[in-house]
Amino acid sequence: MSQKITLNNLWQETSVEAIFLDGLKEEITTDLVIIGGGYTGCSAALTAAKNGLSTTLIDHKVGYGGSGRNVGLVNAGLWMPPEKVEGLIGVNAGSKLNEALASAPDLVFDTIKQYDIKCHSNRMGTLHCAHSQKGLSDLQLRFKQLSERGAELELLDKHQTQQRIGSSNFFGSLYNKHAGTINPLGYCQGLARVAKSLSANIYESTLATSIQPFNKGWLVRTPKGSIKAKMLLIATNAYQTPIGGLSPSKYTSVKYFQVATKALSSNEIQTILPNGEGCWDTASVMSSFRLDNDNRLIIGGIGNLSHNASKIHTSWAKRKIKALFPQLNNIPIEYSWHGRIAMTADHIPKILKLGNNAYSVFGYSGRGIGPGTYFGKAISESLISGDESSLPINPISHYEESFSSIKGSLIELGATASHLL
Ligand SMILES: Cc1cc2nc3c(=O)[nH]c(=O)nc-3n(C[C@H](O)[C@H](O)[C@H](O)COP(=O)(O)OP(=O)(O)OC[C@H]3O[C@@H](n4cnc5c(N)ncnc54)[C@H](O)[C@@H]3O)c2cc1C
């Protein structure tokens with residue numbers, strides 16, 4: 001019962017909401033069965049249990065997937081500027097999705113507050129940092145489009161950005177004061193703890209091995225038990241293991257890694273991110289940085305650490321730390337881990353309707369804390385009301401992608417090449 005999420009994952013060492021639950025060893029009946037205990041599944045479980053549905057969630061380990069490994073940036077919206085979203089799925093559907101996800105940080109931080117989830121939440125904002133003049137033009141465009149849609153943002157110049165970050169590396173930045181950072185695993189485990197306190201059954205060490213329609217509902221089999229349910233949610237995103245009766249979700253899997261330094265001394269920390277904003281940059285091979293609650297500096301980038309290129313990525317991270325904050329040259333790295341991101345071809349998340357009262361959700365394309373929390377809640381509410389119009393995006397019955405494994409390898413190859421420089 002004490003499975004590790006990944007070796008040397010900082011969040012696992014520092015989450016104070018750690019949760020250890022038994023496996024399913026019997027046949028049970030429930031209203032809603034949820035496969036996958038990340039933000040989507042746990043938020044759905046919390047909402048369903050709060051609304052009186054008997055709810056069962058199963059996973060290998062709560063927070064085992066992206067939810068236990070990510071950077072912890074609680075952002076509004078998707079990666080893409082809002083006009084691009086509207087261009088891809090139409091103005092009405094795009095505006096609905098943009099509006100829903102613009103409110104996602106409120107949902108996350110309100111949930112944390114309401115249920116006292118202990119995940120070191122810091123709503124001091126985020127900085128999207130321009131790594132070049134072109135990056136600055138991109139931020140100006142985002143600023144315009146987002147402001148026109150009511151977002152309260154500030155476009156900071158080079159000097160203001162330097163004061164916020166303590167680094168002269170950037171051409172400017174886009175500041176969102178409503179966003180912030182969390183311990184991502186702690187938040188996920190906290191959602192599970194709350195769902196459980198509202199009477200949801202949550203089983204760990206329990207993977208779904210098959211699903212099948214059964215008596216107008218669903219039968220989910222696990223290695224040592226089974227679950228009969230009226231409703232089904234598959235929330236396995238980039239970590240889906242094979243489930244009989246279900247076609248695997250189609251997306252491109254992209255690895256993203258992070259390293260965390262030892263805690264910075266009071267001298268070292270003085271000028272670095274004094275307000276603790278979470279940061280990422282505009283480079284196409286993007287990188288991120290933030291502090292954790294103990295003032296460790298965490299740097300991340302695209303790449304796979306269980307791979308021959310691991311040394312290239314960690315050497316890049318050390319050079320990046322030195323380039324951003326020369327005073328931290330040679331600071332020891334104490335943690336390193338990685339995770340998989342489910343990218344769809346158009347970077348828009350998908351809700352697949354699998355049949356009667358059953359959905360599968362995936363493809364947040366790198367931004368899933370707000371979206372996962374929102375989609376999970378919305379799906380439970382829609383299953384309860386029978387009204388799909390409250391979903392942030394229309395469900396589809398089929399989704400295909402071609403060449404996803406080649407695309408994933410090419411992205412990784414490109415990142416490795418850029419980390420060599
Ligand atoms: C390194 C990294 C950095 C990221 N940074 C950010 C960030 O800063 N901000 C942000 O908003 N998003 C970020 N993301 C994206 C975000 O983490 C994900 O979009 C989000 O966690 C997805 O949540 P989820 O609940 O849908 O899926 P997951 O958290 O991946 O959960 C899926 C779960 O399903 C379980 N599962 C799979 N198969 C089965 C089965 N057969 N039976 C039972 N359970 C099963 C898995 O064990 C897993 O726990 C990042 C992702 C990564 C990997």
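In this predicted model, 37 residues surround the ligand. The closest of them are T40, D59, S67, L73 and T241.

On the nitrogen side, a nitrogen atom of the ligand sits 2.8 Å from an N or O atom in the side chain of T241. As for cover, the ligand taken alone exposes 1000 Å², and the protein buries 98% of that.

Which elements give two or more residues to the shell around the ligand? They are α2, residues 39-50, and β16, residues 333-343. The largest share comes from β16, with 3 residues. By residue class, the shell divides into 15 nonpolar, 17 polar and 5 charged.

Next, the charged side chains. The count for this model comes to 20 salt bridges.

Take R142 to begin with. R142 forms a salt bridge with D138, and the closest N and O atoms are 3.4 Å apart. Both residues lie in helix α6, residues 133-148, and they are 4 residues apart, about one turn of the helix. D138 has 24% relative accessibility, so D138 counts as partly exposed.

The next group is built around R296. D292 forms a salt bridge with R296, with the closest N and O atoms 2.7 Å apart. Both D292 and R296 are buried. R296 also meets the side chain of D294 in a salt bridge, at 3.1 Å from N to O. R296, at 12% relative accessibility, counts as buried. Elsewhere, salt bridges that share partners join E86, K144, E148 and R149 into one network.

R290 is found in strand β14, residues 287-291. R290 is buried yet has no salt bridge. What is the nearest side chain of opposite charge to R290, and how far away is that side chain? It is D292, at 6.8 Å, and a salt bridge needs the nitrogen and the carboxyl oxygen within 4 Å. D292 is the residue that forms a salt bridge with R296. What the side chain of R290 does reach is the backbone oxygen of I182, at 2.8 Å.

I202 has its place in strand β8, residues 201-203. Its relative accessibility is 6%, so I202 counts as buried. I202 and G63 are 139 residues apart in sequence, and 12 Å apart in space, C-alpha to C-alpha.

To recap the two main points. R290 is buried without a salt bridge, and the side chain of R290 reaches the backbone oxygen of I182. I will take questions now.

Note on methods: Residues numbered from 1 in each chain as written. Predicted model: local features only at pLDDT ≥ 70, side-chain atom pairs only at ≥ 80, totals over all residues. Heavy atoms only, no water. Near = heavy atom within 4 Å. Polar contact = N/O pair within 3.5 Å; in protein donor to acceptor, adjacent residues only side chain to side chain. Areas by Shrake-Rupley, 256 points an atom, 1.4 Å probe, with all protein chains shown as cover. Nonpolar A, V, L, I, M, F, W, Y, C, P; charged D, E, K, R; others polar. Buried < 20%, exposed > 50% of the residue type's maximum accessible area, 1.4 Å probe, protein only. Lys, Arg positive; Asp, Glu negative; His and termini not counted.
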